[in-house]
Amino acid sequence: MALPTVLLVASDGAAGEQLQAALEQAEIDATVQTTEPECVDTTLLRTATDCLVVPVTCGAMAGGHLAEAATGLYPDLPVIMYGTEADRGDHIRTVADDALGSPALAAAVGEALDSSETLAARPASRPETILATMFERYSEHLYVKDSDRHYLLLNDSSYAPPELLGRRDEDGLPAGATYLDAARGDDLQVINDGTDVLDIHEFSPSMGKHLRTSKVPWYDETGELAGLIGITQDITDQRERERLLRQQNERLRKVALLAAHELRNELQVSTGHLSQIDVDDEHIDAVEDSIDQLSGIVDKVVSLASSDSLEFELEQLWLSTVVWDVWSSLSLETASLEVTSERQLLADAESLRLFLEILLSNAVEHGGPDVAIRVGATSSGFFVADDGPGVDASPPDRVFEAGYASEKQNSGFGLYIANRIAKEHGWSLSVGESEDGGARFTVTDVEGPD
């Protein structure tokens with residue numbers, strides 16, 4: 001019969017020899033194995049473990065968090081945490097002595113082995129080895145959280161360090177508040193409602209990464225909802241390619257609208273001059289027919305340049321995620337952006353990015369390189385406000401007209417396109433004065449998720 005296995009969390013391999021010697025001194029038959037702190041979760045999947053021994057501190061990681069993560073995976077696994085007297089529950093016993101060779105620690109391990117049986121002690125199953133391999137080898141961020149949003153399984157990725165094992169996102173991620181609010185909201189939707197959250201686009205300002213996340217409910221062996229399983233992928237490069245393509249398409253759209261605007265003006269001039277010629281001549285009739293055909297072509301160009309995307313598709317999006325996504329692509333060094341409040345909305349992702357890119361670029365264009373911009377939610381939508389000079393058009397809604405420009409270098413079609421995007425979504429877009437005296441664009445009638 002195989003001896004029971006004691007798994008010791010330690011960065012030094014010699015630590016296992018110290019605990020082994022202490023157990024032999026106390027005449028406790030057991031085999032000690034060691035694991036690095038950041039590998040506790042996958043080691044438990046691969047190793048038949050009768051008892052886990054954890055120090056109070058494990059480098060950058062806390063023993064208490066590791067113990068909570070371990071018992072989240074295997075609730076009946078006995079855990080001994082040494083170096084503390086704090087009572088942590090039935091399966092997490094504590095020993096005040098911080099020496100691996102202490103008789104007190106050996107006695108606690110012996111008592112745990114004698115008095116408990118755990119599913120963690122059975123040989124690893126094929127599904128467990130498959131799961132361990134996925135968490136050890138995949139570069140995407142894979143994770144399992146319990147119903148309190150603590151990480152129970154976590155692979156080593158650049159935007160979610162293993163130090164988060166046994167903790168929540170807000171305990172260790174260096175992300176902006178709105179990003180954490182969005183991630184927490186997605187977690188709670190899955191845990192509280194038992195619904196999938198699939199292909200959600202996120203952006204972390206502090207990490208400078210664009211992420212795509214999917215989360216699904218995790219049901220344990222009793223059929224109870226125990227937490228969630230998630231995957232987050234770094235799509236920063238993909239977002240950059242999409243941004244460049246979006247900018248190119250916007251430039252082409254503006255060129256088409258500007259050309260159509262100028263052609264329409266010239267055709268109106270030509271029509272006016274023809275109306276002054278009082279001659280019944282077939283050549284005059286031919287010119288009038290040609291002008292009519294050109295006018296039709298111009299109308300078609302405007303219609304095509306203004307129409308919504310053939311792939312227009314509503315998605316569930318977080319406002320802050322799209323705002324920071326667009327802001328990062330503008331590469332502004334001195335202007336500032338604050339997202340004051342968060343909300344979810346249903347929108348076509350690409351159209352919304354273009355819409356926000358126009359409004360944010362407009363704020364910088366008119367407010368100067370040091371402009372301060374605020375974006376936030378309202379009861380029926382959201383707003384984009386700045387502290388620039390404000391709107392000088394009368395009435396202010398003139399800025400949404402095709403070809404209207406307060407400055408010669410402006411094509412006059414940016415806000416026209418933004419207004420068209422708003423109408424395509426069934427939104428209402430208005431402009432007024434912000435609290436700081438600048439411009440405030442307010443979007444209302446925005447549909448949110450049920």
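Accessible areas here come from the Shrake-Rupley method with a 1.4 Å probe, and for residues only the protein chains shown count as cover.

**Setting up.** I am working on a predicted model, so I keep in mind that local features need pLDDT of at least 70, side-chain atom pairs count only at pLDDT 80 or more, and totals for chains, interfaces and linings use all residues. Residues are numbered from 1 along each chain as its sequence is written, and side-chain values use heavy atoms, with hydrogens and water left out.

**Whole chain.** I looked up the accessible surface of the chain and got about 22,100 Å², with 48% of it belonging to carbon and sulfur atoms. Of the 450 residues, 46% are buried (buried is under 20% relative accessible area, exposed over 50%, partly exposed in between, with a 1.4 Å probe and protein chains only). I find eleven helices and 19 strands; these are DSSP runs numbered from the N terminus, helices being H or I of at least four residues and strands E of at least two. For contacts (heavy atoms within 4.5 Å), I took those with a separation of 6 or more: 63% of them join residues 24 or more positions apart.

**Salt bridges.** My rule is a side-chain nitrogen of Lys or Arg within 4 Å of a carboxyl oxygen of Asp or Glu. The count comes to eleven salt bridges. I went to Asp187 and Lys145, whose side chains meet at 2.7 Å, N to O. Asp187 sits in helix α6 (residues 177-193) and Lys145 in strand β8, so this pair ties together parts 42 residues apart in sequence. Are the two partners buried or exposed? Asp187 is buried at 0% relative accessibility, and Lys145 is buried at 1%.

Asp187 also forms a salt bridge with Arg149, with the closest N and O atoms 3.5 Å apart. Here helix α6 is tied to the loop between β8 and β9, so the pair spans 38 residues in sequence. Arg149 has another partner in Glu170, at 2.8 Å between the closest N and O atoms. That pair links the loop between β9 and α6, where Glu170 lies, to the loop between β8 and β9, 21 residues apart. Glu170 is partly exposed at 38%, while Arg149 is buried at 5%.

**Positive phi.** Most residues other than glycine have a negative phi. Arg149 has a positive one, near 75°; its loop runs between β8 (141-146) and β9 (151-154). Asp199, not a glycine either, has a positive phi of about 55°. I place Asp199 in strand β10 (residues 197-204), partly exposed at 45% relative accessibility.

**Helix α5.** Glu128 is in this helix (residues 126-137) and counts as buried at 12% relative accessibility. Leaving aside neighbours within four places in sequence, I see Glu128 in contact with Leu45, Tyr74, Arg122 and Pro123. With Ile130 and Tyr138, Met134 makes a nonpolar surface patch of about 300 Å² (patch residues have over 30% relative accessible area and no salt bridge; like charges are joined within 9 Å, and nonpolar side chains, Val, Leu, Ile, Met, Phe, Trp or Tyr, within 5 Å).

**Helix α11.** I checked residues 414-424: eight of the eleven are buried, so the helix is largely enclosed by the rest of the structure. Among the buried ones are Leu415, Tyr416, Ile417 and Ile421. Gly426 follows α11 and has a positive phi, near 80°.
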